[in-house]
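Here is a brief report on one protein model. It moves from the whole chain to a single site.

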Amino acid sequence: MKRDGLKVLGFRHELEIYDKASGVLLSREVKYNRIPQAGIDFLIQSPFGDVAPIANFYCTLFRNNVLPTADMTAADLPSVLGEFTDYSEATRPEWVRVYDGAGTWDNRASKAIYTPTAERTVHGSVIVSNPVKGSNTGLLLSVVRFSTAKDLAIGQEAKHVCGLTYIPTNLI
């Protein structure tokens, strides 16, 4: 039996690290994520009213060298993932997404910004529903580990783009 419908390509995470003084791009990586089971459940149930919608999501980075798993939750942010909180912004940057009219939501027009206040290494990024840095509550919607560790330092700025794409399965 042939089934037409939608395929979730998944979240695309892009991290760019710049030298603030010169504006020179120091590092850039694009990586596709793991959607934890709680995120999949939310994405499939919320359009039909089976779970409450969540108006805002937030981006953050993590420091521990961890492989994301399907059972990860926001409770893993402080301990297992080791959330990166050493940046000058008061809260996790909001994922200010815009719909492109063709199956993708992303924040390319309003990238999440992190201004490091200490030298740290990060290994990945997430999207979560709680804006509080270091919090262990909310919905963990997306988590990705970068191919290589990223060193952040004072005098740099990290810009984070996240996007979600749905593709009709008859195009795959």
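## Surface and overall form

The accessible surface of this protein is about 8700 Å², and carbon and sulfur atoms account for 53% of it. The model is predicted. Of its 172 residues, 42% count as buried.

The protein has 2 helices and 9 strands. In sequence order they run β-β-α-β-α-β-β-β-β-β-β. The radius of gyration is 16 Å, close to the 16 Å from the globule rule for 172 residues, so the protein is as compact as a globular protein of that length. Along the principal axes, the C-alpha atoms fill a box of roughly 55 × 30 × 25 Å.

Contacts reach across the sequence. Taking those between residues at least 6 apart, 73% join residues at least 24 apart. As for charge, there are 18 positive and 18 negative charges, and their mean positions lie 4 Å apart.

## The site at Ser 142

Ser 142 sits in strand β8, which spans residues 140–152. Is Ser 142 buried or exposed? Its relative accessibility is 0%, under the 20% cut-off, so Ser 142 counts as buried.

The side chain of Ser 142 makes polar contacts with these side chains:

| Partner of Ser 142 | Polar contact distance |
|---|---|
| His 13 | 2.7 Å |
| Asn 33 | 2.9 Å |

Leaving aside residues up to four places away in sequence, Ser 142 touches Phe 11, His 13, Asn 33, Arg 34, Pro 36, Ser 125, Val 126 and Ile 127.

Key
Residues numbered from 1 in each chain as written. Predicted model: local features only at pLDDT ≥ 70, side-chain atom pairs only at ≥ 80, totals over all residues. Heavy atoms only, no water. Helix = DSSP H or I, 4+ residues; strand = E, 2+ residues; numbered from the N terminus. Buried < 20%, exposed > 50% of the residue type's maximum accessible area, 1.4 Å probe, protein only. Polar contact = N/O pair within 3.5 Å; in protein donor to acceptor, adjacent residues only side chain to side chain. Contact = heavy atoms within 4.5 Å. Rg over C-alpha atoms; globule rule 2.2 N^0.38 Å. Areas by Shrake-Rupley, 256 points an atom, 1.4 Å probe, with all protein chains shown as cover. Lys, Arg positive; Asp, Glu negative; His and termini not counted. Charge placed at Lys NZ, Arg CZ, Asp CG, Glu CD.
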